[in-house]
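I opened this entry to keep track of what I looked up. My notes follow the order in which I checked things.

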Amino acid sequence: MNILLIEDDAVLADGLIHTLGDSGYSVTCATSGAYAEHLLQAQGFDLIVLDLGLPDVDGLELLRRLRNRKIPLPIMILTARDGINDRINGIEQGADDYMTKPFELRELEARIRALIRRCYGGFSNDIVSGRLTLDTHNHQVLVDGQPIMLSAREHGLLEVLMMRTGNVVSKDSIAQRLAVDGDALTDNAIEIYVYRLRKRIEPYGAVIRTVRGLGYLLERSDGE
């Protein structure tokens with residue numbers, strides 16, 4: 001899961017990047033609204049954590065812009081504004097959840113998992129394709145209930161495809177998800193990982209299709 005953290009407090013941002021990273025999330029931080037909008041155009045994300053106190057724009061205004069542009073991602077507000085009117089405004093402008101500072105990291109992670117389940121996996125931690133199950137809570141891939149071993153990049157590739165089952169995922173989105181320490185992946189490298197993953201999962205009824213010029217798509221199984 002790729003999270004866009006929009007937060008200008010460097011200490012808090014660093015703590016969240018490490019904490020969420022340890023839980024298996026890929027976190028990219030923007031310290032301003034303008035940079036956040038640039039990142040949303042250039043990369044693929046699955047969830048946004050938005051601070052309202054940004055240096056260049058009010059967070060609620062940025063939220064309105066994103067929803068007016070039909071950005072469909074789940075958005076969690078993270079802010080020191082704890083008044084009831086602030087919470088109501090945030091939800092009415094399109095936020096999916098609202099947390100006030102200070103907060104417990106465990107609660108933040110629990111709410112992020114809940115948003116992921118609600119927006120991508122119904123009311124379960126699991127996303128199913130053929131005989132494969134992606135457990136988004138424990139970050140495991142199962143076949144008929146038994147875990148299978150995948151490399152870190154194979155797991156990341158399968159995760160991003162399963163989270164968007166039936167939709168095309170661009171090579172740029174895959175490269176961003178699989179990048180390690182800022183190292184960019186070439187198109188050829190991505191093709192190799194797709195080839196390897198295909199060989200691993202197709203016996204279990206999960207099919208990856210190449211959409212020429214656009215990216216890759218994990219087909220929905222007949223039961224979905």
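**Helix packing**

I began with a pair of helices: Lys171, Ile174 and Ala175 in helix 7 meet Asp187, Ile190 and Glu191 in helix 8. Contact here means heavy atoms within 4.5 Å. Helices (H or I, at least four residues) and strands (E, at least two) are DSSP runs, numbered from the N terminus. By class, this contact of helix 7 with helix 8 has three nonpolar, no polar and three charged residues. I sorted the classes as follows: Ala, Val, Leu, Ile, Met, Phe, Trp, Tyr, Cys and Pro count as nonpolar, Asp, Glu, Lys and Arg as charged, and the others, Gly among them, as polar.

I noted what kind of model this is: it is predicted, local features need pLDDT of at least 70, side-chain atom pairs count only at pLDDT 80 or more, and totals for chains, interfaces and linings use all residues. Residues are numbered from 1 along each chain as its sequence is written, and side-chain values use heavy atoms, with hydrogens and water left out.

Next I looked up the geometry. Two packed helices are described by the angle between their axes and the distance between the axes. Axes are lines fitted to C-alpha atoms, for helices over the stretch in contact, and angles run from 0 to 180 degrees between N-to-C directions. Helix 7 and helix 8 (residues 187–201) pack at about 80°, with axes 10 Å apart. They are therefore roughly perpendicular to each other. The cut-offs are under 35 degrees for roughly parallel, over 145 for roughly antiparallel, 65 to 115 for roughly perpendicular, and oblique for the rest.

How do helix 6 and helix 7 pack, and at what angle? I found about 135° between helix 6 (residues 152–163) and helix 7 (residues 171–178), with axes 9 Å apart. This pair is therefore oblique. Helix 6 supplies Arg153, Gly156, Leu157, Glu159 and Val160 to the contact, and helix 7 supplies Ile174, Arg177 and Leu178. I list four nonpolar, one polar and three charged residues there.

I turned to Glu7, in the loop between strand 1 (2–6) and helix 1 (10–22). Is Glu7 buried or exposed? Glu7 is buried, with a relative accessible area of 1%. Buried means under 20% relative accessible area, exposed over 50%, partly exposed in between (1.4 Å probe, protein chains only). A polar atom of the Glu7 side chain lies 2.8 Å from the backbone nitrogen of Asp9. Beyond neighbours within four places in sequence, Glu7 is in contact with residues including Cys29, Asp51 and Lys101.

Asp46 sits in the loop between helix 2 (33–42) and strand 3 (47–51). Asp46 counts as buried at 2% relative accessibility. I found a polar atom of the Asp46 side chain 2.7 Å from the backbone nitrogen of Asn2.

**Two strand residues**

Thr133 lies in strand 7 (residues 132–135). Thr133 is buried, at 16% relative accessible area. Not counting residues up to four places away in sequence, Thr133 touches several residues, among them Asp126, Gln140 and Met162.

My last stop was Leu218, in strand 12 (residues 215–218). Leu218 counts as buried at 0% relative accessibility. Residues up to four places away in sequence aside, Leu218 touches Met162 among others, including Ser129, Thr165 and Ile201. I also looked up Cys119: its C-alpha atom is 18 Å from that of Leu218, 99 residues apart along the chain.

Notes:
Polar contact = N/O pair within 3.5 Å; in protein donor to acceptor, adjacent residues only side chain to side chain.
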